Amino acid sequence: MTLPPTDAPDGLRPPPTQRGAHDMLMDIDVAGARDGGFRPNRTLPTGVEFVRQLRRRRTHLVALILLLLPLAIALAFQASSPGSSSGTNNGNFSGPLLATLATKGAINFALFTEFASASFLLVVLVALFCGDTVASEASWSSLRYLLAIPVPRARLLRQKLIVALSLSLGANVLLPAWALVIGGMFFGWAPAQSPLGGSFTTGEGLTRLLIVVGYASLQSLLVAALAFLFGVLTDAPLGAVGGATMVVVLSNILDSITALDPYRKFLPTHFQYAWLDAVGPGIQWDNMMRGSGLVLVYSAVFFALAWWHFQRKDIVS
């Protein structure tokens, strides 16, 4: 597509909804910007986007789910028989052991809540925040108006992604933090016990929990990148959210097939539960380092593809 020069009459300039139009707008004279003209760095402020997303009903619903889930789990443990345990191992023997120790104190309860939520609930919530953010604007037809303000495409994606990742991180931190409070109220503040034997002091237990939350949050970056990519490929928010969730579920299914060794270690979710190495008597960093590197590579590729595609598409829907 060949763009008219920047001094061409307005009628000859392509609309901002067409690819390449913002490259022309970025060439506007700086002096004109000082006089109150187009300022790309002033469009779509982060605070405005935060307020828009925080006011949405889906954000309120997510917050309600995160607040009610630990309470529901605690009540379920309270109502169950003393010797019972729940949960699945998701391919790791530490799962049922974490369930058995969940009532031994606040930190153990928070660890079990994180384990029970990481495989699906947090995946869906992160996919919702990051997959819905651009696709919902397209489905409402407001994406065309944002570009017509005009908001440069790269800035629009950056602002959307900053807010979406912030909300995703908030969800990943809020759940175990609130579970820690609920666990303390229901089961006390006894020192944490390791599913592999031994116990931690309160300070060491909180440090281990912080490592777990940090690693799990980093792993959710893969879901965020997938959902964001699907969000710029489709105008259907549910399609973006469902697509990212389906890829993660499919990767987990393939990872459970041991016949795929040694190739399954390259699957994006192979090291999803490597944070369990942080709850043993000693912290084992090897798998967490491999998992961090793998998710950063996959995420960088998916984010780059999202930018590349969005910069080159015409927004016509």
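Before I go on, a word on the model: it is predicted, so local features need pLDDT of at least 70 and side-chain atom pairs count only at pLDDT 80 or more, while totals for chains, interfaces and linings use all residues. Residues are numbered from 1 along each chain as its sequence is written, and side-chain values use heavy atoms, with hydrogens and water left out.

Now the overall picture. The protein has twelve helices and zero strands; helices are DSSP runs of H or I with at least four residues, strands are runs of E with at least two, and both are numbered from the N terminus. Of its 317 residues, 45% count as buried.

Back to the rings. Searching the whole structure turns up nine aromatic pairs. To pair, rings of Phe, Tyr or Trp (its six-membered ring) need centres within 6.5 Å; planes under 30 degrees apart are stacked, over 60 edge-to-face, and the rest tilted. So who partners F77? That's F112, in an edge-to-face pair, 5.4 Å centre to centre with 75 degrees between the planes. This pair links distant parts of the chain, since F77 sits in helix α4 (residues 57-79) and F112 in helix α6 (residues 106-118), 35 residues apart. F112 is buried too, at 6% relative accessible area.

Another pair is F186 with F187, and this one is tilted: 6.1 Å centre to centre, 45 degrees between the planes. F186 is partly exposed at 27%, whereas F187 is buried at 15%. Ring pairs also bring in F109, making a cluster of F109, F186 and F187.

Last stop: two helices crossing. The axes of α7 (residues 121-139) and α11 (residues 237-255) come within 7 Å and cross at roughly 150 degrees. Axes are lines fitted to C-alpha atoms, for helices over the stretch in contact, with angles from 0 to 180 degrees between N-to-C directions. So α7 and α11 are roughly antiparallel, the word for angles over 145; under 35 is roughly parallel, 65 to 115 roughly perpendicular, and the rest oblique.

Definitions and conventions:
Buried < 20%, exposed > 50% of the residue type's maximum accessible area, 1.4 Å probe, protein only.
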